[in-house]
Amino acid sequence: KMEYKTTYTKGRQAGTAMAEWLIAVGVGGLLLAVIASFSAYSARFFITLSNYVDLDRQSRLAMDRMGREIRQAEKVTAYAADKITFLVGSNQVTYAYLADQRKLTRQVGNATAQTLLTGCDAARFDIYQRQATNVDLTAGVSQILGLLPISLSPGYPVATVDNAKIVQLSWNCSRSILGKTANTESSQFARIVIRKQSK
């Protein structure tokens with residue numbers, strides 16, 4: 001007489017299912033972590049790229065506008081490292097760097113000031129005479145990068161408001177990503193000749 005023995009496999013099946021479930025959860029979690037990391041990197045990359053584009057556009061617009069106006073100015077009427085005023089036609093035009101607000105502004109007479117640049121970590125103005133001197137043009141590179149007074153590198157003597165013929169503009173702007181300063185724009189500077197001034 002043949003006997004049949006029943007084998008119970010519920011315990012084994014449950015153990016196998018649990019192991020498979022744990023593996024699936026682990027692989028799924030790893031995949032989600034990779035996707036999240038890639039998404040965060042992509043978002044940061046696009047924000048950084050957008051910041052660079054915005055900084056470059058803003059700097060170019062400000063430099064172009066200031067350059068055109070300064071070249072047509074009659075003379076410098078007031079000067080400080082963070083503020084300079086020109087006589088343009090019959091108007092007094094003032095450019096000022098507001099360190100506490102991190103912005104560069106333009107004001108005509110007593111009218112409301114217009115913002116030209118935002119996010120400025122540093123900015124300054126320097127004025128020079130027209131007569132060039134035989135000075136090493138590379139002597140002031142570190143001063144340019146540090147936005148310090150540049151008396152040697154341009155090869156021109158430092159001027160006063162009475163004999164200023166060349167105006168140098170310098171600034172450095174940055175943006176933040178998630179509250180941290182990042183992708184700081186390199187220092188921008190230009191030397192602009194006041195064409196109408198006779199001295």
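Which residue's side chain is joined to that of arginine 124 by a polar contact? In this predicted model, local features need pLDDT of at least 70 and side-chain atom pairs count only at pLDDT 80 or more, while totals for chains, interfaces and linings use all residues. Residues are numbered from 1 along each chain as its sequence is written, and side-chain values use heavy atoms, with hydrogens and water left out.

The partner is aspartate 126, at 2.9 Å. A polar contact is a pair of N or O atoms within 3.5 Å; within protein, one must be able to donate a hydrogen and the other to accept it, and residues adjacent in sequence count only if both atoms are side-chain atoms. Arginine 124 is part of strand S6 (residues 120–128); strands are DSSP runs of E, at least two residues, and helices are runs of H or I, at least four residues, both numbered from the N terminus. Arginine 124 is buried because its relative accessibility is 13%; buried means under 20% relative accessible area, exposed over 50%, and partly exposed in between (1.4 Å probe, protein chains only).

Isoleucine 84, in strand S2 (residues 83–88), is likewise buried, with 0% relative accessibility. Isoleucine 84 is 42 residues from aspartate 126 in sequence, and their C-alpha atoms are 9.0 Å apart. Beyond its neighbours within four places in sequence, isoleucine 84 has contacts (heavy atoms within 4.5 Å) with residues including Phe125, Ile127 and Val167.

Tryptophan 21 belongs to helix H1 (residues 10–71). With a relative accessible area of 53%, tryptophan 21 is exposed.
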